[in-house]
Amino acid sequence: MQDTKKFIENLSGAGKSIGVLTSGGDAQGMNAAVRAVVRMGIYVGAKVFFIHEGYQGMVDGGDNIKEASWESVSSMLQVGGTVIGSARCKDFRTHEGRLRAALNLVQRGITNLCVIGGDGSLTGANLFREEWSGLLDELVQSCQISEEASQTHSALHIVGMVGSIDNDFCGTDMTIGTDSALHRIIEVVDAIMTTAQSHQRTFVLEVMGRHCGYLALVSALACGADWVLIPEMPPKDGWEEQMCHKLSESRLRGSRLNIIIVAEGATGRHRNPISSYAVKDLVVRCLGFDTRVTILGHVQRGGTPSAFDRILASRMGVEAVLALLEASPGTPACVVSLCGNQAVRLPLMECVQMTQEVQKAMDEKRFEEAVKLRGRSFENNLNTYKLLSHRKMNAELPRSSFNVAVLNVGAPAAGMNAAVRSAVRVGITEGHTVFAVSDGFEGFSKGQIKEFKWGDVGGWTGQGGSLLGTKRTLPAKHIDKIAEQMRIHNINALLVIGGFEAYLGLLELQAARSKHAELCVPMVMVPATVSNNIPGSDLSIGADTALNAITDTCDRIKQSASGTKHRVFIIETMGGYCGYLATVGGLASGADAAYIYEEPFDIRDLQSNVEHLTEKMKTSIQRGLVLRNENSSENYTTDFIYQLYSEEGKGVFDCRKNVLGHMQQGGAPSPFDRNFGTKIAAKAMQWISKKLKEFYREGRVFANTEDSACLLGMRRRALVFQPVIQLKDETDFVHRIPKEQWWLRLRPLMKILAKYKTSYDVSDSGQLEHIVRLRAKDISAI
C-alpha cells in the first residue's frame, strides 16, 4: 500500500507573506494563537506580519502593519486580551476602506490572512476575499499598483480562528476564550458562595452571552446553581412560581444560599427581556429572601488564559498556517477548529450561515431547534442540567427497588466530588437508593457504607479532593469481605470513580465473579486521575485542574526568571510514567523541553537542549523552562539534569529546580473538570439503570457478561462504554499507561514553537469537512 503520510518538512512557506490580525471583541488566548501563527510561519520560511488594531490597522496601513520576529511573540502566551490590539472598524465596511486595505497588503506582498475574531470579523474577511480581484483591478486602473503586482498577488487566502468568549460559533466545539471566561465566572461564584452562606443570601449573577447562553448554562452546571435563564431555552409560562418554589424547597432542606445565573440576553417565551434585577425583585417580593445582584461584565474577558485556551489556540494557530500553505486559488475561506481532539477545517461561510440560523430560530420562537443547531455539546449540557436541577417530589419518583453504590478509588483528583454529586442525584431521579462508600475498596470491606439523600451532596461541585475519602487499596485481598458487604446491603450495581487502581479493581472484581455471585452486578468505572493514564479514555477528571496548576506555577517562575535574566528552571511534574502533564503543560506554558518516559532520551539529547538554551540566551529571551515527568528516566533524575545544566551552562546561565508535587492534586476543580465529571457520571448512572433492567431476572439482578463491567471513556469526541476486559490488550500494566496515547502527537508542536527542528506528521490535517455532515454524525459528544 502506498504511504500517504505527509510531513511538515515537505511544506515550504518560502516567498509567502502571512498577515495576522485580531478583530472584534477580545478573548483570552488570542495572543497564544498569534504567537503560534508567527512562529509556525517563520518556521516554514514565510514572512509574518502583525496587523495592529484589527481591520482598522489594515485600512490605515503605515506602522500598523509590521513584520514579526520570533522574539517579538515571546512572553505573549500567558497574557490575556490581544497584544496586537483589536478595534471595531466602520471603514472596512465601506468599499473605499477595503480598497485601501488591499493596497496596503499588496505593497507588503501579503496574500495570506489569518483572522482571529467572531462571526462578524470572519464574514468581513470572506467578503474581502470575494472582492479581491475586483479591488486589484481598480488599483491597477488608478495606477496605484502595476499590472505585474496584480498578477503576482492575484489570490487572497483566508483562514479564520474563532476568538469569542460566548462560544456562539457553530462548527467549533469550543471557541478561543470560552474556557478562560468560565474560569473567571467560577472564581467569582466560588467567592460569592462563602459570603452568601454567611448571611443566608440569594445571589443573582448576570454573565455575558447576548445571543448565546453557553457561559450561563455551563457555569450553572459547574456550580450547581438553583436556576438558570438562557436565550436558547426561555422558561415556560409560570416559571416565576416554579423558581420560587424550588428556592424555598432548597432552604427547607437546610441550604443557606441560592444561586441564580442569568445570561445577559435571557428572554421569556415571547422574547420579552428578563433582567437580573427583575429576577431579584421577584425573589424579594415572593419569598422575602435577602437578595443581591452581581453583574460580572468585562471581568469575564480579562485575566490570563486557561491552560485549555492556550493549547486550543496554539494548535489552531499551527493548523491555520498549514491551511494557508496548502491553499490554492479555488480553496474557500475556512475556519480551523477542534472537534474533540482532532483539528478540523470547515468552510467559513457554512459555519457563519448555521450560526445565523440559530438566531433566526430563536427570533421565530423555534427554541428546541435553536438548541439542536447549537450542537450536541450544548444540547447535552442542557439535558444534564435539567436532569440534575429539577428534583422531583418523592411521590413523583419512580421506585426501582435497586441499590447502587458509589465509591472513589486511587489518588484524589479535582472533580471527583462533582462526579459523586451527579451520580447520587441522577441515581435518585432514576428511582434507585444510592449508597456512598467511604475510603474506597478498603472502606467497602469494613462496611463504611451509608445511604445518601439529595441534600447530602449539596455544594459538592466546587470542592477539591475527595469528600468520600479515597484509597489506593485493591479489592483482591478484601474480596470475601466486599462480597459480604454487597450481600448485607443488597448492592445491585457499582459506580467506581477513580484512577488506575479503579481500573485494576474492576478487573479484579470481574475475575472474582466466578467465586462470588454477589459480584455479578453491573459495574462501571469513570476515569478520575491527574495523570490521565487510563486506557480507553483520552481524558480523565482532574487532569485539566492539574494542568492549570502547572501552568500557573510556570507563569510565576517565568516571571521570576525574566527579572533575574540568564536563568533556566527545571520543573518536575506528576503523572507516574505518563508524560501527559509534562507535555501538555509544556505546550501551555511555552517550555523549551519536556522529558517523558514515552519518548526515551539520552545524554546527547540533554547536551543538545543545553546548547539550544545557550543560543537562546544570546537573544532577547534570556530565560528557559524545562519540564520533567517524575518517572521519565531512572538515572536522568531531576537532580541529575539540574546538575548537568548547572555545569554545562556555567558562565551563560544559572539553574534552579522546582518539584511541584501534590499541589497538582489539590485546589478547587476547574470548570472543565466540574462539567466533565458531572456529565460523565450522569451518563454512567443512566447506563447502570439500563443494565439493571436488562439483567433483572426472577426477582434478582445477575450480570456475568463482559459488557456488564465497563469503563466509560472519552474517545476523540464520543463518550464510549468499553468492557474493561477488552482494554487489557491496550494496557502497559508494568508502567500503568495505555500503549497508545493521542497527546504524543502534540509533542512536535511544542518543539516547533520552542524553535527546534523536528519531524511533524501532518497527515491528519487538510481535510476540509462540512458542517452539515458533522452535525449529522450520530455521536455523543461531551
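Is cysteine 655 buried or exposed, and at what relative accessibility? At 4% relative accessibility, cysteine 655 counts as buried. Buried here means under 20% relative accessible area, exposed means over 50%, and partly exposed is in between, worked out with a 1.4 Å probe and protein chains only.

Before going on, some ground rules. This is a predicted model, where local features need pLDDT of at least 70, side-chain atom pairs count only at pLDDT 80 or more, and totals for chains, interfaces and linings use all residues. Residues are numbered from 1 along each chain as its sequence is written, and side-chain values use heavy atoms, with hydrogens and water left out.

**The whole protein**

Let's start with the big picture. The protein has 24 helices and 26 strands. Those are DSSP runs numbered from the N terminus: helices are H or I with at least four residues, and strands are E with at least two.

For 782 residues, a compact globule would have a radius of gyration near 28 Å, and the protein's 27 Å agrees with that. That radius is taken over C-alpha atoms, and the globule rule is 2.2 Å times the number of residues to the power 0.38. Along the principal axes, the C-alpha atoms fill a box of roughly 90 × 70 × 55 Å.

How much of the protein is buried? Buried residues make up 62% of the 782. The protein still exposes about 29400 Å², and carbon and sulfur atoms supply 49% of that area. Areas like this come from the Shrake-Rupley method with a 1.4 Å probe, and for residues only the protein chains shown count as cover.

Now for who touches whom. A contact means heavy atoms within 4.5 Å. Take the contacts with a separation of 6 or more: 79% of them join residues 24 or more positions apart.

Charges come next. There are 87 positive and 85 negative side chains, and the centres of the two sets lie 4 Å apart. Lys and Arg count as positive, Asp and Glu as negative, while His and the chain ends are not counted. Each charge is placed at NZ of Lys, CZ of Arg, CG of Asp or CD of Glu.

Cysteine 114 is in no disulfide, and the nearest cysteine sulfur, that of cysteine 334, is 9.5 Å away. Cysteine 114 is also buried, at 0% relative accessibility.

Back to cysteine 655. Its closest cysteine sulfur is in cysteine 554, and at 14 Å that is too far for a bond. Cysteine 655 sits in strand β20, residues 654–659. Leaving aside neighbours within four places in sequence, cysteine 655 is in contact with Val568, Ile570, Tyr642, Tyr645 and Ser646.

Leucine 587 belongs to helix α19, residues 580–589. Which residues does leucine 587 contact, leaving aside its neighbours within four places in sequence? They are Leu77, Ile311, Leu746, Leu749, Met750 and Leu753. Leucine 587 and lysine 751 are 164 residues apart in sequence, and their C-alpha atoms are 8.7 Å apart in space.

Lysine 616 is in helix α20, residues 603–616. Not counting residues up to four places away in sequence, lysine 616 touches Asp592, Ile621, Arg623 and Gly624.

**Loop residues**

Arginine 271 lies in the loop between β8 (258–263) and α9 (276–287). Its phi is near 65°, a positive value in a residue other than glycine. Asparagine 532 also has a positive phi, about 55°, although it is not a glycine. Asparagine 532 is in the loop between β16 (523–527) and α18 (543–564).

Lysine 365 is in the loop between α11 (348–363) and α12 (367–374). Neighbours within four places in sequence aside, lysine 365 is in contact with Arg269, His270 and Arg271. From lysine 365 to glutamine 151, 214 residues apart along the chain, the C-alpha separation is 50 Å.

Here is how these helix and loop residues are classed:

| Residue | Relative accessible area | Class |
|---|---|---|
| Leucine 587 | 3% | buried |
| Lysine 616 | 14% | buried |
| Arginine 271 | 24% | partly exposed |
| Asparagine 532 | 3% | buried |
| Lysine 365 | 43% | partly exposed |

Notes:
Disulfide = S-S within 2.5 Å.
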